[in-house]
Amino acid sequence: MSPSVRLQEMIRVIRSARTQGEERGVIQRECAAIRAQFRQADNGGRSHNLAKLLYVHMLGYPAHFGQMECVRLIASPRYSEKRVGYLGAMMLLDEKQDASLLITNSIKNDLAHSSQYVQSLALCTLACMGSAEMCRDLAPEIDRLLHSSNSYIKKKAALCAVHIVRKVPELGELFTPAARTLLSEKNHGVLHGAVILITELCERNPETLERFRKAVPDLVQIMKGLVMSGYSPEHNVAGISDPFLQVRILRLLRILGRNNDAASDAMNDLLAQVATNTDSSKTAGSAVLYETVLTVMDIKSESGLRVLAVNILGRFLLNNDRNIRYISMTSLQKIVQTDHNAVQRHRGTIVDCLKDQDASVKRRALELSLALVSAVNIRSMMKELLHFLCSCPLELRAHTTSGIFNAAERYAPSQRWHIDTILHVLTTAGGDVRDETVPNLIQLITTASELHCYTVHKLYRALLADISQQSLVQVACWCIGEYGDLLLRGECDDTEAVQVTEDDVLDALETVLHSHMSSPSTRGFALTATMKLSTRIIDNVDRIRSIVSIYGSCIDLELQQRAVEYNALFKKYDHMRAAVLERMPVIDKNSPGHTNGESTELTTVKEIETGRLTQGILAMTLEPPNQVCDLLDLLGGSEGALQPSPAQMGTTAPDLVGITSGTAGGELLDLLGLGGLEPTTAAVPADPVSTAAPAVTVYEKDGLTLKLHCDKQTDTAMTVTLTAYNATDFDISAFTLQAAVPKSVQLQMKAPSGDALPARGAANVTQTVLLTNPNKVNLKMRVRVSYTSQGSAFQDTVQIDAFPSFTAPAWH
């Protein structure tokens, strides 16, 4: 290829290359020729060569050797060379390159050029790759151009000012007066740039935000002109007059009206007018309506206007465009907590979206459907969700089962309905349920004493039908072991009577024990159930003894130890067997405020007396004290800080406490891999003597602040309030706090005030913790912070080594 080949010819040769190697050879030869010409003094073809080099750069090949040519061409007096030079600077240079500083003076000179096109090139380049140093040097020039009489230049200057404000926020004050005057312009391009600039200024400076709230009437007037004006070919998109400017104005109004009654009142009529007069049949109209809905929901709007906004989102659900349906459900998900009744009107449409073929739409519809479940519609909504569970994608099954369990626990109309619902889920998707489902269901069954016969019959039939669902098999084995006598009796008013013999029951349990699908923990359930039946049947005790003895040499240590202990009950402690294996008492939850995820104390006094013989069905064997008494180990740390002394540990299971707030996240101990450790809760002192202490900041990172406030009630008890603030520009969701303290301190966490933190400190979340320190040990606490922001999950841990000073005399 000749060095002087034209750009079009080079592109043709590169595209005609048959292999990547051939393409590389062509580009290497051309780059060598371009280098050689760059070294020549004659610069007649520099712009031509740089244009070819930019095409090479677009293909992904190195082109950094052309940076200095960009600087030379920018300084050229010819417009054609300047244009290529500035284009090269925008593509090949950035603020990290030293060469970018060399063009600062050229840009300054061109900003004062007599040609608007040369000024435009300089403005575009500065707005594209200007560094903080360049912005500081050239900001006065941009402010001067904002007052220019040329609309073309003012539009470019406004967008350049936006870049400068983003790079150097303190320069925003320089552009505030000019930005306010630009709102009086008639040119749509200038208005668009002015609105973007004002939005940027308001988001970065609260004082500027207050000043621009006075401009709300002007913005309302501009918006009314856009909505009510007739057909304008120059700015019309699908029948909507300048939708880009409308969207920008609505976003600015949303910022100005947030948390301000006067500004919100000034724009209420306009928003209603936009919502009713905008055609939603086209994408441009849908975009304007969507921004209108977001603005209505974010400001202090009237209730009727909010209902209108929800109805617009409801219409979006019927749109054929899946993207529109998706953003509609995303918006409804955000407002369902504040406008629950308005969203409920569209429940049928939302449920229909569960059948959508798009996976993203289906996931959003599931989340929104779960949020809409209430005590009034629990039966109908659960029927839809259970039907969806039968055909939902595998990646949604775990989320669906979790949501169904939470909804059933909160709104179950009866215990029988609750049990039937969970059993239906276990039968359909038992392999996708959470680990705590089994103990939670067992706790539910034990409390429903009048349904024991009904439950054991139903579980027995489910066990015969399918032993592949491990969670279902575990619960079935537990119920058969506890209530096997009711099963053998064959009398049940709530279900069809089935005559079951002792051999039938033992055959079913042996099938579980021998099945290759049974996990070791499931076999533990079945073995313990078999042992329990030895006190509930009459004729097959020897068969049970034989089954148990076989597992005395099992390769699984847990099953082997259980079998050895059960054999000891048959032989040495046979006189205690009936008492040790008697029916479990009713299991109470540790704390009334906890739902799924709470730990339950399932060990009886008699089982503790026999040593290792615990209620193995729940697979919650306590760990030795030396494995869990270290608080830092509990939270995944190292070293031995917060480790209690041997005298404090005693001989019983340690009392290290870790309780999760609310329903989000699950149990802290399970979360950290210590599922056998059961938390205890502190009793609230009966006669509190309040002593307040000032709030202190215990955590501050990435815009999230956590403050601690203590209120001493007695010498050994106090209330700790943790308050979280969000100073970032983005909303935080799924916010949870988890805490752990030394084993001699008792801890109880109340339900949090919420799990969402709006941006810029619009609201906070408080978590109350009750601490009881009977031994008055050195009080320390570790808090884990978990949240989701911008679609990413974050987690951090903070150790609180010092509490407010009033605790020092009593607790330190």
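Helices (H or I, at least four residues) and strands (E, at least two) are taken here as DSSP runs, numbered from the N terminus. Under this convention, L102 is placed in helix α6 (residues 99-102).

The structure is a predicted model, in which local features need pLDDT of at least 70 and side-chain atom pairs count only at pLDDT 80 or more, whereas totals for chains, interfaces and linings use all residues. Residues are numbered from 1 along each chain as its sequence is written, and side-chain values use heavy atoms, with hydrogens and water left out.

**Individual helix positions**

Accessibility is classed as buried (under 20% relative accessible area), exposed (over 50%) or partly exposed (in between), with a 1.4 Å probe and protein chains only. Contact means heavy atoms within 4.5 Å.

L102 has a relative accessible area of 48% and is partly exposed. Apart from neighbours within four places in sequence, L102 is in contact with M68 and V71. The C-alpha atoms of L102 and M68 are 9.2 Å apart, although the two residues are separated by 34 residues in sequence.

S331, in helix α19 (residues 322-335), is buried at 5% relative accessibility. Leaving aside neighbours within four places, S331 is in contact with Y290, L294 and L313. By contrast, A465 belongs to helix α27 and is exposed at 68% relative accessibility. A465 and T427 lie 38 residues apart in sequence, with a C-alpha to C-alpha distance of 9.5 Å.

The expected span of a helix is 1.5 Å times one less than its number of residues. For the 13 residues of α29 (residues 502-514) this gives 18 Å, which agrees with the 18 Å between its end C-alpha atoms. Buried residues of α29 are E502, V505, L506, A508, L509, E510, V512 and L513. These pack against α27 (452-465), α28 (470-489), α30 (520-533) and α31 (541-550).

A nonpolar core is a set of buried Ala, Val, Leu, Ile, Met, Phe, Trp, Tyr and Cys residues joined through side-chain atoms within 4.5 Å. The largest such core has 181 residues, of which I142, F175, I249, L332, L426, I480 and V505 touch the most other members. Helix α28 supplies the largest share of this core, twelve residues. A second, separate core of 31 residues includes L704, V720, I732 and I800.

**Aromatic rings**

Rings of Phe, Tyr and Trp (its six-membered ring) pair if their centres lie within 6.5 Å; planes under 30 degrees apart count as stacked, over 60 as edge-to-face and the rest as tilted. Three aromatic pairs are found in the whole structure. In one of them, W478 and Y483 have ring centres 6.0 Å apart and planes at 80°, so the pair is edge-to-face. W478 is buried, at 1% relative accessible area, and Y483 is buried, also at 1%.

A charge sits over a ring if NZ of Lys or CZ of Arg is within 6 Å of the ring centre and within 35 degrees of the ring normal.

| Charged residue | Ring | Distance to ring centre |
|---|---|---|
| R35 | F65 | 4.1 Å |
| R416 | Y454 | 4.1 Å |

**Strand β10 and its partners**

Six of the eight residues of strand β10 (residues 765-772) are buried. Two strands pair if DSSP finds at least two bridges between them. Strand β7 (residues 717-726) runs antiparallel to β10 and is joined to it by eight bridges; V769 in β10 is the bridge partner of V720. Strand β9 (residues 746-749) also pairs with β10 in the antiparallel sense, over four bridges, and Q748 stands opposite L770 in β10.
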